[in-house]
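Welcome! Take a moment to look at the sequence and the model, and then let's walk through them together.

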Amino acid sequence: MKDLMDETMEQENKKKIVVVGAGGRLGGVLASFLEAGNDVVRLDRKQLDLSSDESIDQALGGLEYDHLFLTGALTAVDYCETHEDEAYAVNGAGPGKIAEISAAKGAHVTYISTDMVFGGSKAEPYLESDEPDPISVYGASKLEGERRVLAASPGSLVARVSWVYGPGRPAFPEWIIDKACAERNLTLPGDKICCPTYTMDLIEWLAALVLERPGGPASGVFHLCNSVPCSWRDWGQFSIDTAREQGFPVLVGQIEGVPVASVPAFVAKRPVNSAMDTGKFTAATGITPRPWKEALRDFVIQSPSFAKYRS
C-alpha cells in the first residue's frame, strides 16, 4: 500500500513541461535535466517555428502543460542587424504569442533573454531595475519579446543571460581553444565586459526559480550569469590557459586585447559593458552563482568537445 501511495504522490508532483528550442545549446541540456521527475515535451525549430503564428498554434494548441521554457531565439547578432523583420518576428512577436496561449492555459512561462538589452554606458554591472537601452536590432528584438511576454502574463519570468556556453553546440570556448591550437597570434576585444554563463549552472538556477521555489514560480525579470565580470580577452585567455594546463597543444601565449569597435567582422554594435548583477537572484533563492573561472575550468576539463586534444 505504501509503495502505491508513494507512486501516486510522485505522479501528482510530476509537472508537464514544454521546452521550446530544445534543439539548441541551452534547450537541450535543460530538457534533459527536467526529464528527471517530470513529463517534458521537446519542441525544436522543425516542430515550432517562432516566426509563424500558425506553427505556434499547431504545436501548443492541443497541449496542456504547467510550465513552458522558451529558450529558442534568433541569436545571430549580426544577422539580426540586416534581417530586422525576421528578428522581431522570432524574438518578439513569437514569444508574445506563446505567452498568450500559455496564459490562457494557466501555465507559467520562462523567457530566456539577453544582456544585450542594455546599451553598455553604465560603469557597474546592470541591475534588473536599470532601464534597457539596446543598441542593436538583436537587443531591441529581445526586449520586445520581454515586454510582450510580461504583458501577456505578469506572472511570467524573464531570465537574462550572457555569453552562454556548455555541452552540445560549440560556443566561444571551443572556438578560441581550437584557434589557439592552430595559430600563434590571436586578438580579442579587451574593452568588452560581460559575465559568462555556463549552461550546467544555469539550468539549476532556472529550476530554483521555477520548480523549487516555496512560494511558487518567480515572476518578473532576473539576471542569471556566473559571477565576476571579465573582458572578452580575459575569457579567451583563461580558456586557453586552462587548455594548456590540461596538456592541449596550445600555440598562443598571450592574446592581444583590441577595442571591440575595431573588429571588422561585426555589423551590429556591441555594448561595451553588459555585465549583470545577480543579487536579486541570490536574495530570492539563497544561491550565489559561482565565479566564471571555476565554471569554465570544469567545462574545459570535462567536455568531450576537447577529447581530440587529450592524450
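How many disulfides does the count come to? The count comes to 0 disulfides, where a disulfide is a pair of cysteine sulfur atoms within 2.5 Å. This is a predicted model, in which local features need pLDDT of at least 70, side-chain atom pairs count only at pLDDT 80 or more, and totals for chains, interfaces and linings use all residues. Residues are numbered from 1 along each chain as its sequence is written, and side-chain values use heavy atoms, leaving out hydrogens and water.

- Cys194 is in no disulfide, and its nearest cysteine sulfur, that of Cys195, is 5.9 Å away.
- Cys194 is buried at a relative accessible area of 0% (buried means under 20%, with a 1.4 Å probe and protein chains only).
- Cys225 is in no disulfide either; the nearest cysteine sulfur belongs to Cys195, 4.2 Å away.
- Cys225 also counts as buried, at 0% relative accessibility.

**The sheet**
- Six strands form an open sheet with parallel pairing, in the order E2-E1-E3-E4-E5-E10 (strands are DSSP runs of E, at least two residues, numbered from the N terminus; two pair if DSSP finds at least two bridges between them).
- Strands E2 (39-43) and E10 (220-223) stand at the edges with a single partner strand each, so one side of each has no neighbour in the sheet.
- Neighbouring strands are turned by 20° against each other on average, direction ignored (axes are lines fitted to C-alpha atoms, for helices over the stretch in contact, and angles run from 0 to 180 degrees between N-to-C directions).

**Strand partners and a helix**
- Strand E3 (residues 67-70) pairs with strand E4 (residues 108-114) in the parallel sense over 4 bridges.
- Phe69 stands opposite Thr110 in E4.
- Helix H2 (residues 25-34) packs on the sheet and touches strands E1 (16-20), E2, E3 and E4 (a helix is a DSSP run of H or I, at least four residues; contact means heavy atoms within 4.5 Å).
- The direction of H2 makes about 165° with that of E2.

Conventions
Buried means under 20% relative accessible area, exposed over 50%, partly exposed in between (1.4 Å probe, protein chains only).
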